[in-house]
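Take a look at the model first, then read on.

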Amino acid sequence: APPFLPPTPSGPTANQVLCFFRYGILVDPIQVISLFLKDPYSWPAPCLIIGANGFALVTLHVEKKLATGSLSEQSGTVLHTFNLLMVLCFPALVVLAVTSVTPAGAIFALSVHTVLFLKLFSFRDVNKWCREKKSAKAARGPPASRPQKANGNAVPQEVTYPDNLSYKDLYYFLLAPTLCYELNFPRSPRIRKRFLLRRLFEMLFFLQLLVGLIQQVSGVIWAIERGGAPWGRFASHEDIRLFPKQEIS
């Protein structure tokens, strides 16, 4: 094995250069995909993501009950609090209890539930403010009607409370890249397909680059600690036990 040299004051160390030339490129995109597809007959992470729809639907139906007045504000607050706590606690307990969850799947599922928690919290607060505003307007009485122009400009129709409490509005917000709910989101006149495809390509490229860097560094560390064989060459856990850790002097 090549000797490990002391690091230089600036630039890459000699050890890093030797490790790169000795072990080469250890990036394997197929291995990342296999982490998600491990044991295809038992996918707890995708099941958690699909089950997250239940928490969103509970929030929507509670808001509908609050809008019609069939549920008190205090009861609605209790239900929302319990539902939001379950959004965070339930997937964490499943990840801890189910051994078949892969690390990549667990991270993705927990990230989805964390984002869902923030979105539902915003959805609940905005609808509460709309109810309070509606109650205040009802207490002041109906506003004075304004005369309409016969040939005025066409005004785009906006969604008002409680017409926003629909499946279409809820899932548009859940899929939108924002954590702040609005009754009427600002929209461009058309979909900018080139801009959308460019952002999608950048997201996939930099995500793969990040995963590749993690694979490269982890593979070198794995190889150094286990006597020089990169992790991609191990066929099973039985092979890993054949290479005990070795201290590098």
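## Helix H3

The 25 residues of H3 should span 36 Å at 1.5 Å a residue, and the end C-alpha atoms of H3 sit 37 Å apart, which agrees. The expected span here is 1.5 Å times one less than the number of residues, and helices are DSSP runs (H or I, at least four residues) numbered from the N terminus. Keep in mind that this is a predicted model, where local features need pLDDT of at least 70, side-chain atom pairs count only at pLDDT 80 or more, and totals for chains, interfaces and linings use all residues. Residues are numbered from 1 along each chain as its sequence is written, and side-chain values use heavy atoms, with hydrogens and water left out.

Just after H3, Gly69 takes a positive phi of about 85 degrees.

## H3 against H5

H3 and H5 pack at an angle of about 5 degrees, with axes 10 Å apart; the axes are lines fitted to C-alpha atoms over the stretch in contact, and angles run from 0 to 180 degrees between N-to-C directions. The two helices are therefore roughly parallel, a label for angles under 35 degrees. By class, their contact has 16 nonpolar, four polar and three charged residues. Nonpolar covers Ala, Val, Leu, Ile, Met, Phe, Trp, Tyr, Cys and Pro, charged covers Asp, Glu, Lys and Arg, and the others, Gly among them, are polar.

On the H3 side, the residues that meet H5 include Phe55, Leu60 and Glu63, while H5 brings in Phe108, Leu116 and Arg124, among others.

## Helix H4

H4 (residues 73-97) also has 25 residues and reaches 35 Å, close to the expected 36 Å. There's a kink of about 30 degrees centred on Met86, taken as the angle between axes fitted to the seven residues ending there and the seven starting there. Buried residues of H4 include His80, Leu84 and Pro91, and their cover includes H3 (44-68) and H5 (103-140).

Arg124 lies in H5 and counts as buried at 15% relative accessibility. Setting aside residues up to four places away in sequence, Arg124 touches Glu63, Thr77 and His80.

Cys130, also found in H5, is buried at 17%. Beyond its neighbours within four places, Cys130 contacts Tyr161 and Leu183. Cys130 and Pro162 are 32 residues apart in sequence, yet 8.3 Å apart in space, C-alpha to C-alpha.

Terms used. Buried < 20%, exposed > 50% of the residue type's maximum accessible area, 1.4 Å probe, protein only. Contact = heavy atoms within 4.5 Å. Parallel < 35°, antiparallel > 145°, perpendicular 65-115°, else oblique.
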